[in-house]
Amino acid sequence: MLRNRRRLVAWLLAGVVLAVVLTLYDADRTGVSDPKAAPSATPSAALPGTATPAPTTTPSPSATPSPTAPPGTGEPSPSASATACTSPGACGYPDANSTGPRIALERHDTGNMSVKKDGTVIKGWDIRGSLDIYANDVTIIDSRITSTNWWGVNLRPGFSGLKVLHTTITAVPGMGPDNGGVNYAVSNMGGSSIEVGWCDISVFGNALSMGQGNLHDNYVHDLVAFRNQGGEWQHIDAVISGGGNKGRLTIRHNTLLNSTPVDKGATAAVGLFADTGVVSSVVVEDNWLAGGAYALYGGGPGATGIQVTGNVFSTQYHPAAGAYGPVTAWNAGGAGNVWKDNRMSDGRPVEPAS
């Protein structure tokens, strides 16, 4: 009896030893006994508040060659991707979201209305008509003007101080007096500066027409081509100046679009022309310019004091901003003329043709 009990204990001890040996062998074979034995194929989740490091990759060379620079744009910039712009609004330039009235409007069917009282303020009006200004220091703000006249707002000679701010100025295509066309959103016939800012402007053939003024933070777009009373395609410009001005014209931080086809009259986003005299004292700074035969006409021979700096020439209508190039009629030798830091929307530098 005692012998049988000793045999049983011996067998039990042998079984325990065998089980321990097998367990150790299996643990050593699979590596699960040491968490460092096998690296995990799946990254572990990051602890709260910690960043998961991104995997390191080796970039492969691009199979696509660098684009050829359009005429007048210089060589492609090695850092073009860092300075590329995709659209005006995405790159901080005015668009429909940052221009026009900021308050509710009240409809006013004024027709072609003349303003003759100094200091008049028009605010919150939805005007069906146009405004002809025969007064000083008139302010039009937070309003909408829908014109079928030659203009939306016109400052007459001998008057000054006009301000047009946070206003939508448009027209009814085919209903204007110039053989169905409408010509000027804002026209300055006066002899002093006016201010046009944060306005949404569309349809008019020559949207902003003046020799002197402060044009800033405006969105000019969707200009409509038409044949004028002479039967010719009207020249279409977002901003136009005919020269001979006595004061300064400042064009700063606007979006100026001219999508009109060249064969239907497209001229420029900014057209500085010596039609009525020498072009002088103009600042064109930090604008988004697109479209026209050329995006910018620079004043031509004799132009002086023309500063063109920090503008983006957009490829949204043409690879070279304008149908034929970004700029023409630039007088590089004119006194006070400065061309600096202008680029295409994909980052390439723009230099006038020499």
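A residue counts as buried when its relative accessible area is under 20%. This cut-off is applied in the legends below to a predicted model.

**View 1. Trp330 and Trp339 form an edge-to-face aromatic pair.**

**View 2. Ring pairs join Phe273, Tyr294, Tyr297 and Tyr324 into a cluster.** In the model as a whole, the count of aromatic pairs comes to seven.

**View 3. Lys116 is placed over the face of Tyr134.** The distance from Lys116 to the centre of the Tyr134 ring is 5.8 Å.

**View 4. The largest nonpolar core contains 55 residues.** Within this core, the residues that touch the most other members are Ile140, Leu162, Ile251, Leu256 and Phe313. Another core, of seven residues, lies apart from the largest one. Among its members are Tyr93, Leu257, Trp288 and Ala290.

**View 5. Ile251 is shown with its contacts beyond four places in sequence.** These contacts include the valines Val239, Val270, Val282, Val283 and Val284. Leu215 and Leu256 are also in contact with Ile251, as are Glu285 and Asn287. Both Ile251 and Leu256 belong to the largest nonpolar core.

**View 6. The largest pocket holds about 260 Å³ of space.** Its lining consists of 14 residues. Nearest the pocket centre lie Gly211, Ser241, Gly242, Gly243 and Thr276. Sorted by class, the lining comprises ten polar residues, three nonpolar residues and one charged residue.

Notes:
Residues numbered from 1 in each chain as written. Predicted model: local features only at pLDDT ≥ 70, side-chain atom pairs only at ≥ 80, totals over all residues. Heavy atoms only, no water. 1 Å grid on protein atoms, 1.4 Å probe; cavity = no way out; pocket = protein on both sides within 12 Å on 5 of 7 lines; lining within 4 Å. Points joined across faces, edges and corners; volume = space filled by probe spheres on them. Nonpolar A, V, L, I, M, F, W, Y, C, P; charged D, E, K, R; others polar. Core = buried A, V, L, I, M, F, W, Y, C linked by side-chain atoms within 4.5 Å. Buried < 20%, exposed > 50% of the residue type's maximum accessible area, 1.4 Å probe, protein only. Contact = heavy atoms within 4.5 Å. Phe/Tyr/Trp six-rings, centres within 6.5 Å; stacked < 30°, edge-to-face > 60°. Lys NZ or Arg CZ within 6 Å of the ring centre and 35° of its normal.
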